[in-house]
Amino acid sequence: MYNIAMAKYLIKTYGCQMNLHESEKLAGVLENAGFSATDKENEADVIVFNTCCIRESAEQKIYAHIGALKSIYKKNPNLIVAVCGCMAQEKGTSDIIQKKFPFVKIVFGTHNLTKFKEYLDKYNLSKKRVFEIWENEKDIDENCPKYRTSGYNAWVNISYGCNNFCTYCIVPYVRGRERSRDMNDIINEVKELVHNGYKYITLLGQNVNSYGNDIDDKNVTFANLLDKLSNLDGNFKIKFMTSHPKDLNDEVINVIAKKSKICKVIHLPCQSGSTKILKAMNRRYSREEYIALIDKIKTKIKDVVLTSDFIVGFPGETEEDFIQTCSLVEYCKYNSIFAFMYSKRKGTIAEKMDNQIDIATKRQRVNKLLAIQHQITKEINLNLKDSIHNVIIEKTLDNNQYLAKSDCGKTIIVNADSKLEENQFYDIKITKITNNKIFGKLIGD
């Protein structure tokens with residue numbers, strides 16, 4: 001048994017921004033209970049694996065990392081190892097962990113994350129392993145503490161779950177149906193965060209554009225939420241992720257265009273440039289509809305920055321289908337993309353589809369797509385010279401230089417005769433671009 005006054009915890013997080021924020025909630029539970037954080041496994045009294053199951057490779061990596069703790073547990077039999085998150089929520093995973101890793105003492109899923117302290121206490125009292133996976137989602141718990149670890153950025157959930165059921169995706173099965181938070185609860189949380197000095201507020205949802213669809217009030221929409229948040233007092237900016245193209249409407253585009261506090265950055269996952277493959281993926285838009293949406297966004301939002309996700313090697317993807325994806329990327333001129341090789345996920349429709357693509361073809365295609373995007377990004381960066389950006393200072397360097405980040409995440413080395421404060425916004429002008437570095441100077445120096 002550990003001494004609670006000296007107890008330490010370590011949380012290992014895998015996956016998306018939603019998982020990062022949920023780890024902040026897990027940390028909040030432990031901090032409130034008197035634990036303090038450590039980054040050393042051999043110092044920890046509690047180690048939590050907050051897992052992801054979006055790809056099979058991620059799942060295998062997590063199992064390997066859990067197994068590596070066996071030697072540490074032998075030296076410290078009081079160590080409590082817990083596994084939670086999306087992988088834990090998958091059917092059968094709890095049984096695998098129970099049999100394969102006897103030193104894992106607590107397992108819980110996505111729907112009962114806020115019960116972690118209760119499970120920890122239960123194990124400490126009984127010394128019996130606690131495995132509890134809720135099959136269905138419950139009401140949203142607004143009282144979960146958070147220990148934020150993302151610097152000047154604060155993650156804010158606006159919704160949970162997903163109703164889209166893309167044929168390749170496990171998320172609706174492990175995170176449940178869409179549930180929107182009360183708008184006033186979101187606004188009050190953002191007010192507090194801005195008051196506490198956070199500079200970026202990043203709104204999170206599996207599909208932020210469908211926020212409010214499950215609430216019987218026509219005024220509860222994503223566009224109205226963005227509008228209300230952007231009217232709050234304070235020196236801060238708003239980001240959001242992720243958007244689904246089928247639900248990004250004119251009202252949302254218009255509010256982004258007119259509100260200065262909303263970053264002109266839109267992450268709009270396309271997944272494929274082929275209408276045939278999009279239909280097989282159950283994305284519910286065509287290539288032509290996606291391109292028309294991109295054209296509309298670029299027309300209405302000045303200097304918008306676009307990013308996207310793509311899956312290559314989806315079952316049945318021909319060379320022609322892949323060429324259509326490449327041409328779409330070239331047309332849209334994204335600032336950056338995430339490109340992944342299709343990975344089977346047990347329980348999804350695509351797992352059982354015919355015409356699965358071999359790994360060599362998938363690897364060749366993903367490398368080609370990334371090479372195309374690399375060239376586009378390089379061209380975009382070269383065209384940044386003499387442009388003006390409002391950036392946040394992350395770090396003070398030597399010789400009157402500072403490390404800054406733009407709204408779209410570009411790292412910029414800023415020269416300034418004046419002393420700049422970290423975690424504050426400044427206007428800078430891009431002065432030079434090398435192969436892998438962007439330089440700027442403070443406007444007014």
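Over how many bridges do strand 7 and strand 10 pair, and in which sense? Strand 7 and strand 10 (residues 200-204) pair over five bridges in the parallel sense. The model is predicted: local features need pLDDT of at least 70, side-chain atom pairs count only at pLDDT 80 or more, and totals for chains, interfaces and linings use all residues. Residues are numbered from 1 along each chain as its sequence is written, and side-chain values use heavy atoms, with hydrogens and water left out.

**View 1. An open sheet of three strands has the order 7-10-11.** Its pairing is parallel; strands (E, at least two residues) and helices (H or I, at least four) are DSSP runs numbered from the N terminus, and two strands pair if DSSP finds at least two bridges between them. Strand 7 (153-157) and strand 11 are at the edges with a single partner strand each, so one side of each has no neighbour in the sheet. From one strand to the next, the twist averages 25°. Asn 153 has Tyr 200 in strand 10 as its bridge partner.

**View 2. Helix 8 (residues 183-195) lies across strand 7 and strand 10.** Helix 8 runs at about 170° to strand 7; axes are lines fitted to C-alpha atoms, for helices over the stretch in contact, and angles run from 0 to 180 degrees between N-to-C directions.

**View 3. The buried residues of helix 10 (residues 250-258) are Val 252, Ile 253, Val 255 and Ile 256.** They cover an arc of only 165° around the axis, which puts them on the same side of helix 10; the arc is that of the directions from the helix axis to the C-beta atoms. Buried means under 20% relative accessible area (1.4 Å probe, protein chains only). These buried residues pack against helix 9 (222-230), strand 11 (237-241), strand 12 (265-267) and helix 12 (287-300), where contact means heavy atoms within 4.5 Å.

**View 4. Ile 266 touches residues including Phe 240, Leu 248, Ile 256 and Ile 297.** Residues up to four places away in sequence are not counted.

**View 5. A further open sheet of three strands has the order 12-13-14, with parallel pairing.** Strand 12 and strand 14 (336-341) stand at the edges with a single partner strand each, so one side of each is left without a neighbour in the sheet. Neighbouring strands of this sheet are turned by 10° against each other on average, direction ignored. Strand 12 pairs with strand 13 (residues 305-312) in the parallel sense over three bridges. Val 265 has Val 305 in strand 13 as its bridge partner.

Terms used. Buried means under 20% relative accessible area, exposed over 50%, partly exposed in between (1.4 Å probe, protein chains only).
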